[in-house]
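Thank you for making the time this morning.

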Amino acid sequence: MPDTVGTVDTPTPHGPGTAAPAGRPAAPPSAFSARSLITRLPAALRKLDPRTMVRRPVMFTVLVGSVVTTLACAADPSVFSVAVTACLWATVVFANLAEAVAEGRGRAQADALRRARTETTARLLRDGAETTVPATRLVPGDLVVCEAGDVIPGDGDVVEGVASVDESAVTGESAPVIRESGGDRSAVTGGTAVLSDRVVVRITAEPGATFLDRMIALVEGARRQKTPNEIALDALLASLTIVFLLAVVTLQPFAVWAGGPQTLTVLVALLVCLIPTTIGALLSAIGIAGMDRLVRRNVLAMSGRAVEAAGNITTLLLDKTGTITHGNRRAHDLVPVAGVDRADLAAAARLSSLADTTPEGRSVVELCGGAGGAAEAAAEAVPFSAETRMSGMDLPGGRSVRKGAATAVEAWVRRGGGAPAPDAAAVVDRISGEGGTPLLVAESGPEGARVLGVVHLKDVVKDGLRERFDRLRAMGIRTVMVTGDNPRTAAAIAAEAGVDDVLAEATPQDKLDLIRRAQEGGDMVAMTGDGTNDAPALAQADVGVAMNSGTTAAKEAGNMVDLDSDPTKLIEIVEIGKQLLITRGALTTFSIANDVAKYFAIVPAMFAAIPGYGGLAALNVMGLASAQSAILSAVVFNAVVIVLLIPLALRGVRYRPMPAAALLRRNLLVYGLGGLAAPFIGIKLIDLVVALIPGMA
Amino acid sequence: MSDTVAGLLQIALLTSVLAAVYAPFGDYLARVLTGGRHLRAEHALYRLCGVDPDTEQRWPVYLRSVLVFSLLSVLVLYTLQRVQPWLPLNQGRAPLDPDQAWNTAVSFVANTNWQSYSGEAAMGHLTQMAGLAVQNFLSAAVGLAVAIAFVRGLLRGRTDLLGNFWVDLTRSVVRVLLPLSVIGGLALVAGGVVQNLAAPTEYATVAGGAQTLPGGPVASQEVIKELGTNGGGFYNANSAHPFEGPAAWVSLFQILLILLIPVCLTRAYGTLVERSGAGTRRHGYAVLAAMGVVFALSLAATTAAEVHAQGAATQAAGAAMEGKEVRFGTWLSALFATATTGTSTGAVNAFHDSFTPFGGGVVMLNMLLGEVTPGGVGSGLYGMLVLALLAVFLGGLMIGRTPEYLGKRIGPREVKLVSLYVLTTPALVLTGTGIAMALPSTPDSMANADVRPHGFSEVMYAFASAANNNGSAFAGLSADTYVFNTGLGLAMILGRLLPIVFVLTLAGALAAQRPAPATAGTLPTHTALFTTMVVATTLVITGLTFFPALALGPIAEGLN
């Protein structure tokens, strides 16, 4: 039995229906701590390799600047130049530290997963004979036998038998799940353990390319590629870096003309303060942390691109069953026909459902629990069959009760010599119209057959969905309920749940067509699915979340897998995608806005001492102690702000669903105006301290 | 009437006339630039040139047409100047030197109209009319064509066709610039602007001396100089010359001509947006508002700096009057300066070199912002829209979506092109000024080399003006040197054509996209909040780039 992820730091998964409280995805507490900064320091230093740094243009520029000032410093050391050089190196290291800390959080999870991937042996079934081989020798198509106590040796589909499986190694969920051949619950994951029974599994994955292997690679960020938005932002940051590089390089001839040539150290300090180092340092950490936030909610995104796409979703396709309603219809009400006592109806309904072990049947018994006596011992149960579309019970003494589809029960009553009740037909129509399912209850005895009444079965819509859909609407996301129900039933449930649109009597092809149509119109579509039938639609959707309980085909087709198999999580995924982009945008704005204050610190420090340029001292609005302390303070601020913002980068900017304009106004105020003001205060405070260093004041 | 009241009345008059013509003229622009039938004259022209006016061009073809046309124009204009003495009507003026001819040719084709020559002394009437005036029309028309092609790129979906450059060019000239020039030219003549083909007239002055008064086709050139945001004066003194600006209302009328097309083009844009269904008219208003806010800030700053100038001499005069149009006062000079540098015009009715340090700094900043307030004919609109895309990118991220403008996603390719566009002119200004300042010969060209910040401002102003295609000068700089003619020429042609390359490529990228529908989650791009963002982006992105340089020029001078 492998160690479980659940014991490491995977949060308790949300069960279906436990919608996260409004606006705050139930994120686990951040794993960020001051200690992780220190423990990840070696990793950060390893990242100083220029070959890896060159992928981050802004920080690479700082690295080159640091080397330049180090050389300048070696040639002509002073307290000031040593201090500035140290701060520049710190800036680079802090940037690497941000990335290293973000990666470190995934690494802990990867280690736990790796323990699940222990060397196992497989019982290979060939020509009816079992041989024991190492799991690594399995190839797709091989059949293996797994019995209680065995670890499933590789990813595959159950082709024979049914078993309960402990998937906690992958999902962190300790409750066993049923895996059986055929249908949509046939997929098993290598590394999970069979708890009972025996299954034959056909292997579908190459060794080393199993789901577990992919998970490990994903959470480690080993195959991380830049997402489109990261590339776009990098392009902008690179061009800002070029502009500022030009501004600083050309400043020297201007300064020479003015009569105050600047030292290399000061020019590099100015450059590093101006280029967007804050966002440049935190950009990759933000991306890694975004993936990590999904992993913490037990969702595996196959690429960062998918996470980003989640933020852009404009249409959500939600399966009715399991997402909008509690999967099963439940008995909601009893409607007796004229002349029948409600208690008699309840007793008959209960009797006829005792043999019915479906959730619907049990709900009828529950509803009628208090009514009627116990079943008589000699009673003979008539189970439901697709042919009769009825279930019931034959009691001693010739009395029978039946419950089932209206037409079937009516026919049964006629056969027994009775007449269908006209008021029952009206009730049946009414219930159908409301989206419910009517079940007719009837009895027959020596005195003939008669209809007793109707059981109203209803899809129960989960609590809190309406509010959730309202929030989605405010975010500009349209919800479409997909169901196999007839249009009337579907419309009634849709109205109750508050979705925007409904696709009734949906076939997998309809679903695919709907997605294509929406995409033609420029929409971005997200959906969940678990069946093999869903695979084409999952692949077509911009974000396709496959349920872990689903088939291998579905999991291959989607670009995310939800280990908890909770369809409502789609909403959280969208919010995480948005949060990722917002965090990038907010920190970029903050980074650029910071420059204004840095100018007011550095420009007067550089030039106010030149004869004829003394008026520039008026720009020293912060009243910084000296030219050197001003420049040093700006550089220190620039480095320190990176460390201070690491928690924000990892946690993500707080996101509350609201209309775009309100969100923009809020973030502009906080990160735009805040970004303007913060460095004025920060640099001044640092200067108060820096001025105490001998030779600085 | 006090200067203040007069100044405010002038601003109010200008604003109300612009407001009155805004909708009708803007809608007219939208109509003639995007469809309808060809005029008979246009048809004849298309047949003559072998153009099929009903075939649209793919974006690379459109771009190639613009580039080839512009480079051919440079060649023609260069030749005209070099063979000047052998052509009629030129009064035997000598050919221009190669470097000056290159500089002038590039300058007029690039809608810059930087003049390192003295108009009345160097150019013959034919060169003025067939060369310079023709380019005044064509360079403005090219700007309009590129702007309209860019708007098509924004509004169309899933295509690579951006329209037909030759049709856009022809219509801009025939239906927009020519008719307005005729009307405006007549008004100028009525106001006392000179218009003749006569040789210079000799006069005896009251003091008994002899004076030569050069005449010429001034009014006809004057009107397109302003209307096409060109700025190249017939006379060296430009609109400060009494033959170009004989009365205060003529000066105000010229400001109106300068602002007319750039301002009303935002209405045309809004109308086209609404017609396409991608958004509402308010998209045009939002762009205009961003332009207007910066314009108003700049006008207020310049006026305040000029009116409240410090110093004994200026106190005695009531304002900084040296180098100003003494007949019309400081307010009109400030208004003219703001209009001429906020558009890529560069015509002047007072010398910017004579402005107070802060006043001169602000007009320089207007150019450094990329000529978008409201910018040159066409170039102002596409320049501002590119900045709007940049604002959309930053703002869109902050609402958690891949940024979109009018349903078009601002992805990696778009951001790269926007970045390159925004990068171009600052790179040209900084590199040009940097090289110039590093050359030992440069101080010789400065009029104020002893006041070091001011001398520096003169050089930086020249490159800011050239690279942003403005054309006005801190006239203190003697720029007719081999080095400046060549360097500024390069800055002008690159500052014009590189942005066009990027903006048309961007148009191609946008046109190819499938537009996404607007939802409640889409960043609204027609609101006051958005305008604020565009203004902030404009000021912060460009302002930050030039702050250290400006600190060593106008800011240092002003604070001392």
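Before I give any figure, let me say what I mean by buried area: it is the accessible area, taken with a 1.4 Å probe, that two parts lose on being put together, summed over both. Please also keep in mind throughout that what you see is a predicted model.

With that term in hand, we can turn to the two chains, where chain A and chain B bury about 5100 Å² between them, and 75% of that area is on carbon and sulfur atoms. On the chain A side, F254(A), W257(A) and L664(A) supply 17% of the area buried against chain B, which is more than any other three residues.

Over all chains, the count comes to 17 aromatic pairs. In one of these, F254(A) and F456(B) form a tilted pair, with 4.6 Å from centre to centre and 50° between the planes. This pair crosses between chains, since F254(A) belongs to helix α8 of chain A, residues 228–258, while F456(B) belongs to helix α17 of chain B, residues 452–467. Both F254(A) and F456(B) are buried. As for W257(A), the charged end of R452(B) sits over its ring, 4.2 Å from the centre. There is also an aromatic cluster that brings together Y599(A), F600(A) and F680(A) with F547(B).

Let me now stay within chain B, where the domain assignment gives domain 1 as 3–290 and domain 2 as 376–559. The C-alpha centres of domain 1 and domain 2 of chain B lie 22 Å apart, and 57 residues of domain 1 are in contact with 56 residues of domain 2. Between them, these two domains of chain B bury about 4500 Å², with 73% of it on carbon and sulfur atoms. Within domain 1 of chain B, the residues that lose the most area to domain 2 are W114(B), F150(B) and L154(B), which together account for 17% of what that side buries. The count of salt bridges between domain 1 and domain 2 of chain B, on the other hand, is zero.

I would like to finish with one residue, T34(B), which is found in the loop between α1 (3–33) and α2 (40–49) of chain B. Is T34(B) buried, partly exposed or exposed? Its relative accessible area is 27%, and T34(B) is therefore partly exposed, given that buried means under 20% and exposed means over 50%. Leaving aside residues up to four places away in sequence, T34(B) touches I148(B), R152(B), L272(B) and R275(B). T34(B) and G163(B), finally, are 129 residues apart in sequence, and yet 8.7 Å apart in space, from C-alpha to C-alpha.

Notes
Residues numbered from 1 in each chain as written. Chains lettered and ligands numbered in written order. Predicted model: local features only at pLDDT ≥ 70, side-chain atom pairs only at ≥ 80, totals over all residues. Heavy atoms only, no water. Phe/Tyr/Trp six-rings, centres within 6.5 Å; stacked < 30°, edge-to-face > 60°. Helix = DSSP H or I, 4+ residues; strand = E, 2+ residues; numbered from the N terminus. Buried < 20%, exposed > 50% of the residue type's maximum accessible area, 1.4 Å probe, protein only. Lys NZ or Arg CZ within 6 Å of the ring centre and 35° of its normal. Domains from an automatic or database assignment. Contact = heavy atoms within 4.5 Å. Salt bridge = Lys/Arg side-chain N within 4 Å of Asp/Glu carboxyl O.
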